[in-house]
Amino acid sequence: MPVRTPHFPDLLFDAAARLRRWEDALMALLAAQGYRELHPSLVLREPVPEGALRFFDGDDLVALRWDFTVALAGLLARRFPDPPDRVAYAGAVFRRPVQPWEAVERFEVGCERIQPADEPSAEADVELARLLMAVPAVLGLKRAILHLGNAALVRRPLEAENLPPGLAKAVVAALSRRAAHRVHEALGDHPAAGRLTAHAEALLSDLDGPESLKALDASPYADLLAEERDHMGRALKAILPILPDRLDLRVDLADVAGLDFYTGPTLRLWAPGAQQELAAGGRYDRLFPELGRPWRAAGFCVRLSRLLDLAGTRPDLFELP
Amino acid sequence: MTRPLLIAFPKGRLGDELVPRLAGTPLALDAAALKSRVLRIPTATPGVAALLLKGSDLPRYVAAGVASLGIVGSDTLDELDMDLLELADLGFGACRLSLCTPAGVTLEHLQARPHLRLATKFPRATEAWLAREGLTAELVPLSSSVELAPLLGLADAIVDLVQTGSTLKAHGLVEAAVLGRSSARLVAARGATLSEPGRIKPLAEILIGALK
């Protein structure tokens, strides 16, 4: 039986002040790097997905803004013949949570880096990683963990094997649970079962840091993924020397969260002791072409509602304001 | 500040199997506490305690990060589909999820019925199997004593876990089809594992070493 706990949090004085302070500080960080704010309407008329808070405006089914990236992409594709290269946003999104204890109304700050499709993306990806690396200090988090992944490490082998959608979904669900044995169970006697299980084991290797890329040597798709591996290697080389003291870096080859959206490098920010990621993002090169624009893009979103919860339950993780 | 770490263990069949296997390990459960009615049991490792939970509640504790690790049957895991990590198939507690019918009633008999009623604790797995087989049925959700349903006319058949088959036999039921297999799995909270691997991994290795 589905559990529904509608949750529209009222923020009292301290939390409201903290939200305002964090929003201002993060937007200032983004503005200093050339990201200009866009504020898409709270009401979206795009095709409304399941989980959105829907209502009728006359005869039209509309929904409260459920995702900033989708809202901004619609706005940009409609209003700009050429892409603005750096966009920031702040505000609330509304969607039914996957986990019943999460809020429906969530506060976010984020950014999108948009480029023409023929422009190389490596520098933009590193730029976003550097920006995200600055976020813990802005928020006053004593320690944080940056996870670097790449959606293509799973996407491309699944596409190469042409798995039926149901089977591909089962493989992704198994990887999401970090369970290589589940990949094997899901594939049964499929001809690609051996290859994809070996690939899953390589992705879930215990190696860490730059060494973790060596785990791909054991994958049957090592050649197919050579470009992604080089890209990750270059990103690590650029990031490691400037890693702030308060930040640990982990390479997460098996990151499959948002795999139906992300197409390349992914970023996630955690804090030691946090139960949920505090920021997430990555490259999503397919969205703008679907909207008729030859642009590529990447971005990340800082989940301020989760940070507010964390500050309430684990104040020891934050520096005093 | 280091917070106490909780490991969720299932009560019942799986719990009965795993508690003796942990004896002598750093995660052995305190014998005196086990004999009492408390549900939070100290282990041989300071700062690590065990929670004794009903299997169907356990994944929620782990997914919410209340417990960092847990052991639960894959049948329950699949039924609830919570957001957690599955670190290992521990192999013990193996059983089948089966369609069970009164003796003499076959799968073909059921397929021929215009209206089929199946009683089960596993509606999600049953629905998935019905979809694979191209069948439709009315599901009668029950939480215990499912074997009684066909005997008393509440359902035509049941979908339930079968280990030895003795309970089925005692109720005049037979296995007509195997829908899937289940075994104990070591699960972990996503947040704890990704944010504090140094605390979680050594404990996971102790559990795998003792139980697999």
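This is a predicted model: local features need pLDDT of at least 70, side-chain atom pairs count only at pLDDT 80 or more; totals for chains, interfaces and linings use all residues.

Biologist: Fine. Which domains does the assignment give for chain A?

Modeller: Domain 1 covers 1-151 + 258-321, and domain 2 covers 153-254.

Biologist: How many Å apart are the C-alpha centres of domain 1 and domain 2 of chain A?

Modeller: Those centres are 25 Å apart. In the contact, domain 1 of chain A contributes 30 residues and domain 2 of chain A contributes 23.

Biologist: What area is buried between domain 1 and domain 2 of chain A?

Modeller: About 2300 Å². Carbon and sulfur atoms give 56% of that.

Biologist: Which three residues supply more than any other three on the domain 1 side of chain A?

Modeller: Met133(A), Leu148(A) and Asn150(A). Together they supply 29% of the area that domain 1 of chain A buries against domain 2 of chain A.

Biologist: And how many salt bridges cross the interface of domain 1 and domain 2 of chain A?

Modeller: The rule finds three. Glu159(A) and Arg286(A) also meet through their side chains in a salt bridge, at 3.2 Å, N to O. As for polar contacts, 19 residue pairs are counted between domain 1 and domain 2 of chain A.

Biologist: Which elements each supply at least two residues of the domain 1 side that touches domain 2 of chain A?

Modeller: α3 (122-139), β7 (144-150) and β9 (265-270) of chain A. The largest share is from α3(A), with eight residues. By class, that side of domain 1 of chain A has 17 nonpolar, six polar and seven charged residues.

Biologist: Switching topic. How many residues of chain A are in contact with chain B?

Modeller: 24 residues of chain A, and they meet 28 residues of chain B. The two chains bury about 2000 Å² between them. Of that area, 45% is on carbon and sulfur atoms.

Biologist: How many salt bridges does the rule find across the interface of chain A and chain B?

Modeller: Six. Arg182(A) and Glu86(B) also form a salt bridge through their side chains, at 2.8 Å, N to O. Nine residue pairs are in polar contact between chain A and chain B.

Biologist: Which elements give two or more residues to the side of chain A that touches chain B?

Modeller: β7 and α6 (180-187) of chain A. α6(A) has the largest share, three residues.

Biologist: How does that side of chain A divide by class?

Modeller: The side of chain A that touches chain B has nine nonpolar, seven polar and eight charged residues.

Technical notes:
Residues are numbered from 1 along each chain as its sequence is written. Chains are lettered from A and ligands numbered from 1 in the order in which they are written. Side-chain values use heavy atoms; hydrogens and water are left out. Domain bounds come from an automatic or database domain assignment. Contact means heavy atoms within 4.5 Å. Buried area is the accessible area (1.4 Å probe) that two parts lose on being put together, summed over both. A salt bridge is a side-chain nitrogen of Lys or Arg within 4 Å of a carboxyl oxygen of Asp or Glu. A polar contact is a pair of N or O atoms within 3.5 Å; within protein, one must be able to donate a hydrogen and the other to accept it, and residues adjacent in sequence count only if both atoms are side-chain atoms. Helices (H or I, at least four residues) and strands (E, at least two) are DSSP runs, numbered from the N terminus. Ala, Val, Leu, Ile, Met, Phe, Trp, Tyr, Cys and Pro count as nonpolar, Asp, Glu, Lys and Arg as charged, and the others, Gly among them, as polar.
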